[in-house]
Amino acid sequence: MKNLFTRLLLASSLFALPASDALAQQEYVPTPENLQSRQEFSDMRFGIFLHWGLYSMFAQGEWYMQNAGIPYAEYSKAASGFYPSRFNAHEWVSAIKASGAGYITITTRHHEGFSMWDTEQSDYNIVDATPFKRDIIRELADECHRQGVRLHFYYSHLDWAREDYPVGRTGTKCGKDPKRADWPSYYRFMNAQLTELLTNYGPVGAIWFDGWWDHDSDATPFDWQLDEQYALIHRLQPACLVGNNHHMTPNPGEDIQIFERDLPGENKAGFVDEAAEVSRLPLETCETMNGMWGYKIVDQNYKTTRQLVHYLVNTAGKGANLLMNIGPQPNGCLPATAVQRLKEMGEWMQTYGTTIRATQAGDIPVQQWGATTRRGDRLFVHILDYNRRELYLPLSCRVLKATTFPEGKRVAVTKTSEGVVLTLPELPQGIDYVVEVQTK
Ligand code: GLC
């Protein structure tokens, strides 16, 4: 059931956007609520990404429909068998919160086109098309709000199922007739869906767009009309952050910058546009815990807790958030290995959260041996991979003292012409050997 407000909104003007939204983001000035939300976002430093949809049933990752070339007419039959009997929002949110993560980003509708909430814009959704009939986004939102975990919505710009979406460089094998493309209709559909998500589920931390790149090779540049869409989001929830996984320098109206499988400034994954710059917006890197985003039954290639912690430390050392992905199973459970990793990361965060949350990139860029983070006059030196007791730090600030964190063992500091040398009381050990340097 939709609330009255959404019904009225849906009835009114068929989602013609107010004129004030058009081009409104060109000179985008974030509201005070938005700026505060950006700060809170950055302070969390760690979130969990959840890729969950019909694709989870096939257990081959979220691109299965396209990769296997399955037409919508066949693929969509899976909906009538989707019954995640073990889904329990309380268990998910509790496990994620215990990991030290501050927010969850969940796929509300991925490229396959299936909506995971009770949308009125299409029957191809979890309430109308499955025997499960439960709005999992509602359950998750309620639980997140109860537990004080922020909820972000991943939303795919591209759609392999709908005829009105103009086919780009993917979705070519899903049985669509390109002649039936109707961008204005699809754009109205997306904005109506976004309005539902931003009206019926309480405060939304961010909308995380993906799929822009589907039209990055068009002969005539494709106009996604992002301006008006971003303005709609900011009008409905001024504090809601807009992010777009387009791998480019952010556009006006975007509040965070996203990096896929790369630390900001790197391009190991090969997605980043050559001209892309690291902006001054809050930064977020997303990465998978195993190899795939959506559940893939054979993918047991999980990163160790040590690797995950190192990734988190390195993103924090770059002044960025880490959004670590889990692909829930079709039965509604998080994979057991992922739950174990969450628990172990949580144990680490219990002790070391202070050196990660509400920090900025440290004075020294990420190094082979580790990374640094700063909180006020406390500089945290995270020694991740180093086998000596002397560590040179090229610091220009004045160092008052250094101790191991959290034990507080004294670390000798020797000044040099260009910085200091720390002499550790022992060889660095553990997942992350942290030295707290008091600076002035
Ligand atoms: C890519 C993939 C998509 C995934 C996303 C997460 O854009 O197409 O499947 O959701 O990365 O970063």
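**A walk through the model**

Let's start with T170, which is found in the loop between β3 (150–156) and α8 (183–199). Keep in mind that this is a predicted model. So, is T170 buried or exposed? It's buried, because its relative accessible area is 5% and the cut-off for buried is under 20%. Its side chain makes a polar contact with the side chain of W160, at 2.8 Å. Leaving aside residues up to four places away in sequence, T170 touches W63, Q66, L158, W160, W213 and D214.

Now another loop residue, L427. You'll find L427 in the loop between β15 (419–423) and β16 (433–439). L427 counts as partly exposed, at 42% relative accessibility. Which residues does L427 touch, not counting those up to four places away in sequence? They are N387, R388, R389 and Y433. Take R388: L427 and R388 are 39 residues apart in sequence, and their C-alphas are 5.8 Å apart in space.

On to a strand. In β6, residues 257–260, Q257 and F259 point one way, I258 and E260 point the other way, and all are buried. The partner here is β7, residues 283–288; the two strands run parallel and four bridges join them. If you want a place to start looking, Q257 stands opposite L283 in β7.

Okay, aromatics. How many aromatic pairs are there? The count comes to 30. Take Y83 and F132: the ring centres are 5.2 Å apart and the planes are at 85°, so this pair is edge-to-face. The pair links distant parts of the chain, 49 residues apart, with Y83 in the loop between α5 (72–75) and α6 (89–98) and F132 in the loop between β2 (103–109) and α7 (136–147). Y83 is partly exposed at 46% relative accessibility, whereas F132 is buried at 5%.

F153 and Y201 form an edge-to-face pair too, with 6.4 Å centre to centre and 90° between the planes. This pair also links distant parts of the chain: F153 is in strand β3, Y201 is in the loop between α8 and β4 (206–210), and they're 48 residues apart. Here F153 is buried, with a relative accessible area of 1%, and Y201 is buried as well, at 4%.

There's also an aromatic cluster, made up of Y165, W183, Y186, Y187, F189, F222 and W224. F189 has a charge on it as well: the charged end of R162 sits over its ring, 3.6 Å from the centre. Likewise, the charged end of R109 sits over the ring of Y155, 4.7 Å from the centre.

Y155 brings me to the core. The largest nonpolar core has 84 residues, and those with the most contacts inside it are I48, L50, I106, I136, F153, Y155 and I207. Which element gives the largest share of this core? That's α8, with eight residues.

Definitions and conventions:
Residues numbered from 1 in each chain as written. Predicted model: local features only at pLDDT ≥ 70, side-chain atom pairs only at ≥ 80, totals over all residues. Heavy atoms only, no water. Buried < 20%, exposed > 50% of the residue type's maximum accessible area, 1.4 Å probe, protein only. Polar contact = N/O pair within 3.5 Å; in protein donor to acceptor, adjacent residues only side chain to side chain. Contact = heavy atoms within 4.5 Å. Pairing = 2+ DSSP bridges. Phe/Tyr/Trp six-rings, centres within 6.5 Å; stacked < 30°, edge-to-face > 60°. Lys NZ or Arg CZ within 6 Å of the ring centre and 35° of its normal. Core = buried A, V, L, I, M, F, W, Y, C linked by side-chain atoms within 4.5 Å.
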